[in-house]
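Subject: Handing over a structure

Hello,

Here is the structure I said I would pass on. Please open it beside this email and read the two together.

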Amino acid sequence: MGRHRKQPAVTVKRSSVIALTGLVPAGLMACTAASNVGHGNTANAVEQHLPAADQGELGAKPAALMTDPGATTEFVANKMAKPSGPPVVKSVALADNRQLAALPAGPMGVPGIAVAAYENAERILAEENPTCHMPWSMLAGIGRVESTHAYGKADADGNPINAVYGPVLDGSLYGNNVVRDTDGGELDGLAGYDRAIGPMQFLPQTWKRYAADGNGDGIADPQNLYDAALTAGKYLCDGGLNMRDLAQQSKAILRYNNSMAYVANVMAWETSYSSGVAPRAGDLPRI
């Protein structure tokens, strides 16, 4: 997930967080104390339950910024059934002639079907892990940076019209990690090496660890917006993190990409979707 580039180990001390706040939207800098984040000593709890390959994973490059202030913020959120029992982990083959979802757009032009998926994940997580306090807007921030919400093209069931994949992690792209095949091509369609999959850009190994059924159909499909949003929420909340605490939220986002610029981008879009105000260019540092 994230950009999966080779990142140097970074320890962010309590005294260092304030120095990094220039990369985080000002509206989110309300806390006055922060714990260590990233790969520092207190991040060991995170590293113990995440495979080494999960530390900063690679996703699809973001598309052009969506800054349509005229987009409606009214939409109908589909309330999916609460998942029950362990889901079957697989990618479902779908026809090519599917129609785009007809739900009206949400804040800042986010496709309505994507908002429905994020809100559905928020609702389920509020029941299953209420101490995490995961807002739909944070999941939307991740979805915006990772795939521009499945590139804005998904059907009424939340399946992207075109499957979303990241670059092959075979070392051919400068700066990226090499990740050998972990799923026999079952999820990412490749043998030999892995690549990130779905609108929330999970590596196959990570998906199998956290896979969730967001729409109650018994399947955890990394390409499905409902499943991907709920799985991302579980991944971010893991370890008892509280998204209302800025330091813990930053720590969670760093699981996707060990970069404070990445954290700043996600938080900027989160704020944008919550407020309806487009982020400024300065709020979106290059990742």
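Below is what was found, from the whole chain down to single residues.

Please keep in mind that this is a predicted model.

**The chain as a whole**

The protein chain has 287 residues, and 51% of them are buried. Its secondary structure comes to eight helices and four strands. Along the sequence, the pattern is β-α-β-α-β-α-α-α-β-α-α-α. Take the contacts in the chain with a separation of 6 or more: 72% of them are between residues 24 or more positions apart. The accessible surface is about 12,200 Å². Carbon and sulfur atoms account for 52% of that surface.

**The core**

Which elements give two or more residues to the largest nonpolar core? First, the core itself: it has 56 residues. Tyr 118, Met 134, Ile 142, Met 200, Leu 236, Ile 253 and Tyr 256 have the most contacts inside it. The elements that give two or more residues are α3, α4, α5, α6 (225-237), α7 and α8.

**Aromatic pairs**

Rings come next. A pair of aromatic rings is described by the distance of the centres and the angle of the planes. A search of the whole structure finds eight such pairs.

Start with Phe 202 and Trp 207. Their ring centres are 5.3 Å apart. Their planes meet at 75 degrees, and over 60 counts as edge-to-face, so this pair is edge-to-face. Phe 202 and Trp 207 are both buried.

Phe 202 also pairs with Tyr 256. Here the centres are 6.1 Å apart and the planes are at 65 degrees, so this pair too is edge-to-face. Where do the two residues lie? Phe 202 is in the loop between α4 (136-151) and α5 (204-210). Tyr 256 is in the loop between α7 (246-254) and α8 (260-275). The pair therefore ties together parts that are 54 residues apart in sequence.

Are Phe 202 and Tyr 256 buried or exposed? Phe 202 has a relative accessible area of 1%, and Tyr 256 has a relative accessibility of 0%. Buried means under 20%, so both count as buried. Tyr 256 is also one of the residues with the most contacts inside the largest nonpolar core.

The charged end of Arg 195 sits over the ring of Tyr 165, at 3.8 Å from the ring centre.

**The disulfide**

A disulfide is a covalent bond between the sulfur atoms of two cysteines. How many does the structure hold? It holds one. The bond joins Cys 132 to Cys 237, with an S to S distance of 1.9 Å. The torsion about the S-S bond is about -75 degrees, so the disulfide is left-handed. Cys 132 lies in the loop between α3 and α4, and Cys 237 lies in helix α6. The pair therefore ties together parts that are 105 residues apart in sequence. Cys 132 is buried at 0% relative accessibility. Cys 237 is buried as well, with a relative accessible area of 2%.

**Two positive phi values**

Met 108 is not a glycine, yet its phi is positive, at about 60 degrees. It lies in the loop between β3 (88-89) and α3 (112-128). Its relative accessibility is 4%, so Met 108 counts as buried.

His 149 has a positive phi too, near 55 degrees, and is likewise a residue other than glycine. His 149 is in helix α4. Its relative accessible area is 1%, so His 149 is buried.

**Lys 90**

Lys 90 is found in the loop between β3 and α3. Its relative accessible area is 35%, so it is partly exposed. What does Lys 90 touch, leaving out residues up to four places away in sequence? It touches Leu 187, Ile 219, Ala 220, Asp 221 and Pro 222. Now take Lys 90 and Gln 223. They are 133 residues apart in sequence. In space they are 9.4 Å apart, C-alpha to C-alpha.

Best wishes

Note on methods
Residues numbered from 1 in each chain as written. Predicted model: local features only at pLDDT ≥ 70, side-chain atom pairs only at ≥ 80, totals over all residues. Heavy atoms only, no water. Phe/Tyr/Trp six-rings, centres within 6.5 Å; stacked < 30°, edge-to-face > 60°. Buried < 20%, exposed > 50% of the residue type's maximum accessible area, 1.4 Å probe, protein only. Lys NZ or Arg CZ within 6 Å of the ring centre and 35° of its normal. Contact = heavy atoms within 4.5 Å. Core = buried A, V, L, I, M, F, W, Y, C linked by side-chain atoms within 4.5 Å. Areas by Shrake-Rupley, 256 points an atom, 1.4 Å probe, with all protein chains shown as cover. Disulfide = S-S within 2.5 Å.
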